[in-house]
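Hi there,

Here is the structure I promised to pass on to you. Have a look at it first, and then read my notes below.

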Amino acid sequence: RTLLDVLSSGRVNVTKAMTKEEDERERALHAQIVTLNSQLFQSDQKPDDVRSTVLKAKLEKARLEYEAFQANLYTAHPELKVQRGQSRALTIAEAGAILPDNRTAILEYVVTEKNTYLFVVARAAGKTAVAVYSLDLRSDELGKATESFREQVATRDLTFETPARRLYDQLVKPAEKQLRGINKLIIVPDGQLWDLPFQALRRGEDYVLDDFVISYAPSLSVLREMKKPHAKTPEVQRPPTKFVPDLLALGNPDLNVNEVAKLSLLRAEDFGPIQSSETEVNTLGQLYGRHRSKILVGKLATEEEAKGEAEKYRLLHFATHAVLDDRNPMYSRIMLSRDEQREDGMLEAWELMKMNLTAEMVVLSACQTARGRVGAGEGVIGMSWALFVAGSPTVVVSQWKVDSDRTSELMIDFHRNLVRRGAMTKAEALRLAALKLRHGRYNHPFYWAGFVLIGNER
């Protein structure tokens, strides 16, 4: 609902309305969070030692203070509140207008405690039709089946095919009559289904990806707003005559793996250098050309550079580690090189939301960036949600801990397809890159099904 309101009404500029005292208070609170993060980085204590525990408690308190400050801003400035209730429910005709052509269908799911419902929107004989299916799938059993299947694929389990067929039969097969002649699917998951890689389900001997171009959306109302030209607020629109460089790509940042692991309570080896990601972004720089791209690797791939440059580019690509915070999704973060004087090297979701992006797509070529807290009707709340609020209508994110070498292959081919695409959509470009891996040596879906496109597929 909040995401829809922001996209419908335009994001308000809180900073312009703040008093000098409020601005200073916000800067102080932000600096406090950065300082505490840095102290945790530099602490030579183990994660469960007293000093680390105290620092983490202080960090949690500082985050709460910052969140309370943000909430109080809207109380002090009621004119900044997003207006609720402006977006009415879509009509069938308006839902059909979202479809780019007659070969695209929408699959929207609603998961309840006792049943799951599938709504299929497609055009037939010049009219938009909606079919509804009641699926005999309880929320709890669907959650278990989804998580089990995702885990099988994410761990390269070779016994995944039986559940892949069963889930297809349960979730997609009932709509096959409406899917005749269809080659593109826009999937609107609900609840646990945000964790399900629909592209890896088995349709007979084929995968769903073999037969369909797939993209995902938080809701049809949100997708409609993402497709509108006015989705970005006027203050961040560029003059039409201004040259817009294509690509900003950051890869293989210089991380102190022990410090990052200590702060994230993960293993140090999870944050080692990713040489393939450096090769990845350098190759992308060659694809787009020196005058149309900016490539930052190693010590140059800093959080400060990302914040300072991101608003200038049409495409953003982060090839680095990412950390998912399930408990506090807005503190999920992209790991970058640290400038000790200014930033802590963690570009967190709440910081992304404050940016004014004009990028038509953001790619997070990192592990598990698609995952976040899932709430009824909210979709994935995490990195992708933050990037939508920041202004990008399309994000590409991963659903599990991906293989770095194969990810680089996939991403290079994805961008190569974009550069050469002609009338090809972004979703089609991603599918072609995935199919190339799928038909090569690395045919297990672990290698090619991990990345999904959410938002505007074009």
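Over which ring does the charged end of Arg 202 sit? The ring is that of Tyr 207, with the charged end 4.2 Å from its centre. (A charge sits over a ring if NZ of Lys or CZ of Arg is within 6 Å of the ring centre and within 35 degrees of the ring normal.) Likewise, Arg 63 has its charged end over the ring of Tyr 331, 3.8 Å from the centre.

Two notes on the source: this is a predicted model, where local features need pLDDT of at least 70 and side-chain atom pairs count only at pLDDT 80 or more, while totals for chains, interfaces and linings use all residues. Residues are numbered from 1 along each chain as its sequence is written, and side-chain values use heavy atoms, leaving out hydrogens and water.

Next, the rings. A search of the whole structure gives seven aromatic pairs (rings of Phe, Tyr and Trp, its six-membered ring, with centres within 6.5 Å; planes under 30 degrees apart are stacked, over 60 edge-to-face, the rest tilted). One of them is the tilted pair of Tyr 66 and Trp 350, 4.9 Å centre to centre with 50 degrees between the planes. Tyr 66 is buried at 5% relative accessible area, and Trp 350 is buried at 9% (buried means under 20%, exposed over 50%, partly exposed in between, with a 1.4 Å probe and protein chains only). Phe 160 and Tyr 207 form a stacked pair, 6.4 Å centre to centre and 10 degrees between the planes. Both Phe 160 and Tyr 207 are buried.

Enjoy exploring!
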